[in-house]
Amino acid sequence: MTSADFALLLIRVVLGVVMFMHGYNHWLGGGKIPGTAGWFSGLGLRHGTLQAWLSVVTEIGAAILLILGLFTPLACAATISVMLVAGLLAHRPNGFFVFREGYEYVLTIGVVSVALAILGPGGTSLDALFDIEITGWAGGAVAFGIGVVATVGLLATFWRPQAKVSA
């Protein structure tokens with residue numbers, strides 16, 4: 001194993017564990033699915049329960065694919081989309097810093113996902129084993145493009161924010 005393969009494995013596993021825990025928390029954490037659904041509805045997303053389950057499946061599915069290094073650009077696309085939605089709806093209004101609920105964290109996770117899609121999963125991956133290679137600019141474009149299209153599709157279909165009522 002080269003140092004680059006080890007570094008990519010480390011990035012994949014840590015990013016995968018972070019996404020898994022994020023999905024697990026939406027599913028079985030504090031408020032479970034009803035709490036997550038209520039939070040999503042509060043952000044202006046219709047069908048909060050559906051959104052909660054889509055989030056759980058996307059986050060845990062991407063986590064498993066990242067850890068295995070399988071279909072890496074698609075796993076990165078899922079992560080990018082989740083972070084874009086979170087950044088736009090929940091964190092952007094709060095500014096940059098994570099300690100103020102800002103977008104610092106989701107920006108970092110999203111950019112790391114783009115970088116991973118560009119670099120590829122490394123030699124210690126199922127993609128390498130099965131000779132699935134979509135890396136470089138193509139891997140980054142696939143991940144970023146699908147992530148953005150999925151985000152736009154979700155927001156266009158389900159995002160209906162409440163109009164602000166002036167006093």
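User: Does R100 count as buried or exposed?
Analyst: The model is predicted, so local features need pLDDT of at least 70 and side-chain atom pairs count only at pLDDT 80 or more, while totals for chains, interfaces and linings use all residues. Residues are numbered from 1 along each chain as its sequence is written, and side-chain values use heavy atoms, with hydrogens and water left out. R100 lies in the loop between α4 (72-91) and α5 (104-119), where a helix is a DSSP run of H or I with at least four residues, a strand is a run of E with at least two, and both are numbered from the N terminus. Buried means under 20% relative accessible area, exposed over 50% and partly exposed in between, with a 1.4 Å probe and protein chains only, so R100, at 53% relative accessibility, counts as exposed.

User: How far apart in space are R100 and R160?
Analyst: Along the sequence, R100 and R160 are 60 residues apart. Taken from C-alpha to C-alpha, their separation in space is 25 Å.

User: How many helices does the protein have?
Analyst: From the N terminus on, the elements run α-α-α-α-α-α-α, and the number of strands is 0. The count of helices is therefore given by DSSP runs alone, and for this protein that count is 7.

User: What is the radius of gyration of the protein?
Analyst: The radius of gyration is taken over C-alpha atoms, and the globule rule used for comparison is 2.2 Å times the number of residues to the power 0.38. For 167 residues that rule gives 15 Å, and the value for this protein is close to that, so the protein is as compact as a globular protein of that length. Along its principal axes the C-alpha trace spans about 65 × 30 × 30 Å, and the radius of gyration is 17 Å.

User: Among contacts in the protein between residues at least 6 apart in sequence, what percentage join residues at least 24 apart?
Analyst: Contact means heavy atoms within 4.5 Å. Buried residues make up 39% of the 167 residues. Among the contacts in question, the share that joins residues at least 24 apart is 66%.

User: Which side chain of opposite charge is nearest to D5?
Analyst: D5 lies in helix α1 (residues 3-28), and, leaving aside its neighbours within four places in sequence, D5 is in contact with G122, G123 and T124. Lys and Arg count as positive and Asp and Glu as negative, with His and the chain ends not counted, and a salt bridge is a side-chain nitrogen of Lys or Arg within 4 Å of a carboxyl oxygen of Asp or Glu. D5 is buried yet has no salt bridge, and at 7.5 Å the nearest side chain of opposite charge is R12.

User: Where does Q51 lie, and which residues does it touch?
Analyst: Q51 lies in helix α3 (residues 48-68). Its relative accessible area is 4%, which means that Q51 is buried. Not counting residues up to four places away in sequence, Q51 touches F40, L45, R46, L154 and F158.

User: What is the distance between the C-alpha atoms of G61 and M19?
Analyst: G61 also belongs to helix α3, and at 26% relative accessibility G61 counts as partly exposed. Although G61 and M19 are 42 residues apart along the chain, their C-alpha atoms are separated by 8.9 Å.

User: What separation do the C-alpha atoms of A7 and G48 have?
Analyst: A7 lies in helix α1, and its relative accessibility of 35% makes A7 partly exposed. A7 and G48 are 41 residues apart along the chain, and their C-alpha atoms are separated by 38 Å.

User: What is the phi of D131, a residue other than glycine?
Analyst: D131 lies in the loop between α6 (126-129) and α7 (136-158), and at 64% relative accessibility D131 counts as exposed. Its phi is positive, with a value near 60 degrees.

User: In which helix is K32 found?
Analyst: K32 is not a glycine, yet its phi is positive, at about 55 degrees. At 45% relative accessibility, K32 counts as partly exposed. The helix with residues 32-42, in which K32 is found, is α2.
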